[in-house]
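This report goes through a structure in short sections, from model confidence to the contact between chains. The sequence and structure come first.

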Amino acid sequence: MNVSAPLTRPFDGLASRIDALGVRSVGFTSALLGEGVSTIALGTALSLAELRDDPVLLVDANWLQPSLTNDAGLESAPGVADHLAHPAKRDAARRTLGSGLAFLPVGDRTLARPTLRAVGSFLANEVGALETVIVDLPPILAGEPFVLPWAATLDQICVVVREEATPLPLVRQALGRLGAASAPYIILNRAKASSVDVPAKLIAART
Amino acid sequence: MWRYLTTAARYRWLLVSILGLVWGAGLAAAYVEYTTTFESEATIWVLRASPELTVTSPDDPSAPILQTAASQQADLLDQLLQTQSFVRDVVQQTSLRPALQAAPDDARFLARVAKAFHVQTHGTNLLTVAYVSGDPRLAAEMVNAALAVRADRVAQASVTYSAAANTLYQLQFKVAQRQALDAQSALDEFDQGHPGPLSDVEQAQRGQLRLSLDFAQVRLGNIKGRIDQSTLAPAVLAVSGMEFQVVDQPRVESSPRGGTKTAATTAAVAFVAGAALAALLVLLGTILPTHATGPADVARLAPVKLLAAVPRVPRVEGPAGAPADLRASLALIAFRGGRGRGDVTE
């Protein structure tokens with residue numbers, strides 16, 4: 001049994017549903033800052049890495065607040081921004097963390113901004129090599145230009161809503177900016193026990 | 001009901017803040033009101049003057065009195081307090097005079113002063129006049145001034161009324177005097193015209209003339225008595241003071257008094273307002289949810305669907321067994337190889 005299992009258990013339900021969707025690239029965003037997007041991206045990536053035998057790449061594409069990069073202590077390391085600016089250098093920027101999880105920090109954000117073409121090219125290359133890509137994105141309302149190229153190219157975009165905290169009108173506004181083409185899903189974060197539907201058999205099998 | 005309780009629990013800190021603010025402010029205002037209110041009160045014993053001492057005729061049916069002496073005097077004071085001239089005269093006799101002169105709106109100032117007076121009856125012959133103020137000395141001063149101005153007004157009215165009555169009686173007296181003189185002249189003429197023994201008819205005529213003279217003299221005496229009464233009665237009443245006796249003089253109170261009712265009202269209003277505000281908040285928070293309180297609320301974002309719910313994890317067991325933040329623990333496992341996980345490698 002893996003020692004991280006109890007910690008990633010809250011994300012097992014989400015990971016199993018992403019797995020069931022069969023998507024290869026998933027982006028997490030929110031309407032506002034502080035909704036728990038980076039935590040969910042990290043937990044889901046860990047949970048997916050354990051759920052699947054195939055590798056998972058966690059990408060910190062949060063141009064506004066790259067907290068995963070800060071957690072990893074890779075603030076000055078090359079990352080996704082460097083990828084977008086110089087696609088040939090991508091292999092040197094990726095960090096393999098073990099147990100099927102790899103991490104790509106944000107890199108030098110002054111080098112490039114995400115564009116549809118650059119992001120599409122990046123995903124085509126990365127998803128070709130890895131089974132799943134999890135992308136941590138900035139909030140839509142604060143960083144729309146950094147989100148839309150990813151939303152248009154990722155297989156699935158998920159909007160994190162914090163239970164009893166996120167104003168629904170702002171969520172609607174954020175969803176409106178994403179547009180209908182991306183067909184996002186909602187992730188209800190910090191939900192009460194009654195709101196959570198975790199596949200009990202899966203949890204039981206893993207523990 | 002459960003929905004409302006859930007909403008109340010969700011907004012508990014906001015509710016506590018609102019209740020704390022409204023109730024706290026109300027209680028503070030009530031306390032300040034109570035501690036800074038001083039009421040000075042005069043207790044007055046009133047009697048209705050004897051009919052013999054009144055200027056009006058006791059036989060006059062046009063002035064029926066259906067009130068007790070106390071309510072009559074209380075009404076009189078209340079009516080006087082409704083007039084600006086009376087209140088102005090009262091204020092002019094007190095230390096509020098400079099404030100009145102400096103007031104931009106005299107009428108409002110005088111109305112506020114009049115409102116601070118309270119006249120109340122206690123039975124048929126007892127009444128109290130009170131004034132509520134933040135200054136205990138001023139309260140006593142105002143009651144004394146009100147009683148003094150009232151006494152002046154009543155005395156002045158009495159003099160005016162008695163003077164008018166006196167004038168009327170004087171006119172009646174002149175008419176009655178002339179009638180008496182005429183009757184006397186008629187009787188004298190008859191006596192001069194009939195020196196000898198009188199026949200039965202003449203005796204009857206003389207009796208009628210004599211009777212007319214007697215009636216005229218009685219009426220003359222009656223009017224003369226009324227003139228004397230109208231002159232003396234007000235003076236006798238004023239000297240005796242029996243009609244309006246101040247039993248307990250207004251005192252300068254050393255401790256707060258008279259603000260209990262206002263303070264209680266203020267506190268009650270604050271209590272009701274706070275409770276109503278809290279209830280309104282809970283009601284609106286329940287029927288107009290602005291946040292997602294569960295998967296059911298996410299359905300309101302249709303056509304977007306809920307993929308999953310991530311449960312709330314307050315604290316997790318950290319690497320050293322101590323409680324730790326979930327995010328920090330996940331980062332530790334992912335990036336630092338916590339609990340034996342692999343180190344970051346390139």
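## Confidence

What pLDDT does chain A average, and what share of the residues score at least 70? The model is predicted, and the average pLDDT for chain A is 84, with 83% of the residues scoring at least 70.

Where pLDDT is low, predicted coordinates should not be read in detail.

## Make-up of chain B

Chain B contains 11 helices and 7 strands. Of the 346 residues in chain B, 25% are buried. Among the contacts in chain B with a separation of 6 or more, 76% are between residues 24 or more positions apart.

## Helices H1 and H9 of chain B

In chain B, helix H1 spans residues 2–10 and helix H9 spans residues 260–287. Their axes come within 9 Å and cross at roughly 110°. Because angles of 65 to 115 degrees count as roughly perpendicular, H1(B) is roughly perpendicular to H9(B).

On the H1(B) side, the contact is made by Arg3(B), Tyr4(B), Thr7(B) and Ala8(B). H9(B) contributes Val282(B), Gly285(B) and Thr286(B). Sorted by class, this contact of H1(B) with H9(B) has 3 nonpolar, 3 polar and 1 charged residues.

## Nonpolar cores

The largest nonpolar core has 77 residues. Those touching the most other members are Ala45(A), Leu58(A), Leu101(A), Ile134(A), Ile186(A), Ile187(A) and Leu188(A). Helix H3 of chain A (residues 37–51) supplies the largest share of this core, 9 residues.

## Contact between chains A and B

How many residues does each chain bring to the contact? Chain A brings 46 residues and chain B brings 38 residues. On the chain B side, the elements giving two or more residues are helix H10 (295–298), strand E5 (305–311) and helix H11 (326–336).

Which element gives the most to the side of chain B that touches chain A? That element is H11(B), with 8 residues. By class, the side of chain B touching chain A has 20 nonpolar, 9 polar and 9 charged residues.

How values were computed: Residues are numbered from 1 along each chain as its sequence is written. Chains are lettered from A and ligands numbered from 1 in the order in which they are written. This is a predicted model: local features need pLDDT of at least 70, side-chain atom pairs count only at pLDDT 80 or more; totals for chains, interfaces and linings use all residues. pLDDT is the predictor's confidence in each residue, from 0 to 100. Axes are lines fitted to C-alpha atoms, for helices over the stretch in contact, and angles run from 0 to 180 degrees between N-to-C directions. Helices (H or I, at least four residues) and strands (E, at least two) are DSSP runs, numbered from the N terminus. Angles under 35 degrees count as roughly parallel, over 145 as roughly antiparallel, 65 to 115 as roughly perpendicular and the rest as oblique. Two residues are in contact if their C-beta atoms, placed from the backbone, lie within 7 Å. Ala, Val, Leu, Ile, Met, Phe, Trp, Tyr, Cys and Pro count as nonpolar, Asp, Glu, Lys and Arg as charged, and the others, Gly among them, as polar. A nonpolar core is a set of buried Ala, Val, Leu, Ile, Met, Phe, Trp, Tyr and Cys residues joined through C-beta atoms within 7 Å. A residue is buried if 20 or more other C-beta atoms lie within 10 Å of its own, exposed if 12 or fewer, and partly exposed in between; C-beta atoms are placed from the backbone.
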